[in-house]
Amino acid sequence: ASGNVINTKFNWEATAEQYGMVVVAPTVPSGTTSTRTVAGCWDWFGTGWTRTNRDQVPLKALLDAVKSRTNLDIDPNQMYVTGLSSGGGETAIMGCAFPDYFAGVGVNAGPALGSTAFQIGSDPTVTAAQVVTNCKAANGNSSTYNALFATQIWNTVYGSSDTTVKPSHNVRNA
């Protein structure tokens, strides 16, 4: 990602070295599309994500490319995904669409699954049940994938004074 996120912004390099991790920080695709409402933000808006559309496609391709590098010795059972704000929304979608890929999901100040881009500053209109339905829809509501949620670690962290993503979104996602 731009701005040297790995080395200077969020202490990822030192943490990766200390714990033997491989950290990937992708760049948000540029421009707007019919689903990318806001340029510079991940495509988490609304619903309709699958394992084969929207930002999940290049993100999974990136992960597959990194995972295939045998010199990195990546344990495929110990892959985790995390993101902040729109990245938190995309993180949730990645964890929902690919529970067979991720042992854990860390959503940081992310919007409730199924919200629109313009709802992030107000209380979510989607219910907790709709969040669950939206999550399962991302993997095609596959009983095989949905069973993996029983072992997938999920955490949600946020600040109580966030002025971008209203904290109630995080409570809804949890």
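Is Ser142 buried or exposed? Keep that in mind while you look around this predicted model, where local features need pLDDT of at least 70, side-chain atom pairs count only at pLDDT 80 or more, and totals for chains, interfaces and linings use all residues. Residues are numbered from 1 along each chain as its sequence is written, and side-chain values use heavy atoms, with hydrogens and water left out.

**Select the whole chain.** Colour by secondary structure and you will find 7 helices and 3 strands (DSSP runs: H or I of at least four residues for helices, E of at least two for strands, numbered from the N terminus). Along the sequence they run α-α-α-β-α-β-α-α-β-α. The C-alpha atoms fill a box of roughly 45 × 40 × 30 Å along the principal axes. Of the contacts with a separation of 6 or more, 60% join residues 24 or more positions apart (contact means heavy atoms within 4.5 Å).

**Now select Ser142.** This residue sits in the loop between α5 (128–138) and α6 (143–147). Ser142 counts as buried because its relative accessibility is 19%; buried means under 20% relative accessible area, exposed over 50%, and partly exposed in between, using a 1.4 Å probe and protein chains only. Across the chain, buried residues make up 37% of the 174 residues.

Draw a distance from the side chain of Ser142 to the backbone nitrogen of Thr144, and the value is 3.2 Å.

**Finish with Ala97.** Ala97 and Ser142 are 45 residues apart along the chain, and their C-alpha atoms are separated by 9.8 Å.

Notes
A polar contact is a pair of N or O atoms within 3.5 Å; within protein, one must be able to donate a hydrogen and the other to accept it, and residues adjacent in sequence count only if both atoms are side-chain atoms.
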